[in-house]
Amino acid sequence: MTAAPNPSVADLLARPPYQGRLLIGGEWRDAADGATLERRSPAHGHPVGVYALAGAADAEHAIAAARQAFDRGPWPTLKGAERATLLRAVADGILARRHELALQESLENGKPLAQALAEIEGSADLWHYAATLARNLHGDSYNTLGQDTLGVVLRDPIGVVGIITPWNFPFLIVSQKLPFALAAGCTAVVKPAEVTSGTTVMLGEILLDAGLPAGVVNILVGTGPVVGDLLVSHPDIDMLSFTGSTAVGKQAVARSAATLKKVSMELGGKNPQIVFADCDWEAAVDAAVYGIYFNTGQCCNSGSRVLVQRSIADRFTAAVVERSRRVRIGDPLQPGVHAGAITTEKQYQAILAHIAAARAAGATIALGGQALATQQGQFIEATVVTGVTPAMAIAREEVFGPVLVVLAFDTLDDAVEIANSTLYGLSAAVWSQDFSTCLSAARRIKAGTIWINTFLEGHAELPFGGCGESGIGRELGRFATEDYTETKTLQMHLGPRTAWWLPS
Ligand code: NAD
């Protein structure tokens, strides 16, 4: 496969915005009230997408279509092998359109084009992996219950899944959910974050091209308070799979309670990278920098707190500041750019407000801290904050931007205590050449993923999710499809009845 050339900003200006409609019951439709939404590139301010914007009536239709596709089939009762074939065709369809998808992701999110391409390719791998699980999903049997009893535990698809995704990795996150729900035999209504809907709508085209039956997947470009809230609270949605902020996630869990639906919540993080004095210096410095500026820090998994052992703290911080100066933040369409734009105006303002609050609380802005002067649009400088105590808001709250906080610790006990001192528990990293130090720390840190001498690696085989206010449940890994099932117990008596409640 040849690489597509990077389009210039001039090419971009000449390109008409991508047009997306609502996918409901296997058909592309306009919104019932004719509403539309325009998306402008956060890096260039240019229109890059125009979408039909769903209202409550459209959402009701989509939920009804998913309900019917589940209740009447055939999707939930197809053989696992048949579902696997379709999932593989989708993966191939994604790869065939990878450059187009990557460009739309880059234009709407503001991330560098090469990184968007890696995201799309990684997502195709998730569809392939889910295809393997579709054929391996199975229940359990017990022949240990006595001669006359056999127990069988079935795994049934849970039903209609409401999928709500955020704007930071739009295509990856829908691909962490949808193929696994489909592998289990579920149907779905998907609502991407309205500012980055393009690649999810394109996925709808790929699903239809692959031959997905009508109504199995319905896609709505819509806002959180209207379409999102309906997915959260609707009695015909059996499970909610949500990725987004902790604040909205908590609200969604509360709103879902009236229908007691199952929830899977992937929420925020304030993830520590713990650097011991005996670390592999170059690797740890590089990971500290990559860990915070990748995706402009707009990652749930960003290593936004670096905890450094005091004996090396000053030297390590200086090295991180020095390397941070070399991070190229700029036009995501330019080759060689490490980080692009902040995706939304709201997030851009929120990051600057976090920096101002840290300064006001007495922290030192050792690097950056301002809007990027060399660039128009929503760009923020690579920022390092020092002189921070664990009690400061900047050390506890998710900033979701290119803002690294450095804290010092003395002993392993101190490091673990600081690491566990936020309400979050998504991920962490430990850097030491002594594996006993690494494992002692890893076993005591409260987080769903701990990287040891590496950072931000992901594999479809490894479960992902958080503890505490980082969420409920796990995605990926070999149990990923099981999450979208309900168990049903069959308890069977064999042969003539031998026990009587009231003998005749
Ligand atoms: P957000 O919570 O603002 O929005 C997430 C989704 O929820 C969007 O689709 C939005 O439209 C929808 N939504 C908004 N209000 C809603 C409501 N009242 N009811 C139902 N849905 C509603 O999050 P965001 O700003 O798009 O994304 C950033 C957040 O996502 C960060 O906190 C980040 O840590 C988190 N995130 C977590 C993971 C993870 O896997 N743990 C991954 C990526 C992002």
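**Notebook: salt bridges**

I looked up the charged side chains and found R67, D71 and D238 linked in a network of salt bridges. I note that the model is predicted. For the whole structure I have a count of 21 salt bridges.

Entry on E205 and R97. I see a salt bridge between E205 and R97, with the closest N and O atoms 2.7 Å apart. E205 sits in helix α7 (residues 198-209) and R97 in the loop between α3 (80-96) and α4 (98-109), so the pair ties together parts that are 108 residues apart in sequence. I then checked accessibility. E205 counts as partly exposed, at 22% relative accessibility, whereas R97 counts as buried, at 17%.

Entry on R98 and E121. I looked up R98 and found its side chain in a salt bridge with that of E121, at 2.8 Å from N to O. R98 belongs to helix α4 and E121 to helix α5 (residues 113-136); the pair links distant parts of the chain, 23 residues apart. R98 has 15% relative accessibility and counts as buried. For E121 I have a relative accessible area of 31%, which is partly exposed.

Entry on D483 and K262. I found the side chains of D483 and K262 meeting in a salt bridge, at 3.3 Å from N to O. I placed D483 in the loop between β20 (471-472) and β21 (485-493), and K262 in strand β12 (residues 262-266); this pair links distant parts of the chain, 221 residues apart. D483 has a relative accessible area of 18%, and because buried means under 20%, I list D483 as buried. K262, at 29% relative accessibility, I list as partly exposed.

How values were computed: Residues are numbered from 1 along each chain as its sequence is written. This is a predicted model: local features need pLDDT of at least 70, side-chain atom pairs count only at pLDDT 80 or more; totals for chains, interfaces and linings use all residues. Side-chain values use heavy atoms; hydrogens and water are left out. A salt bridge is a side-chain nitrogen of Lys or Arg within 4 Å of a carboxyl oxygen of Asp or Glu. Helices (H or I, at least four residues) and strands (E, at least two) are DSSP runs, numbered from the N terminus. Buried means under 20% relative accessible area, exposed over 50%, partly exposed in between (1.4 Å probe, protein chains only).
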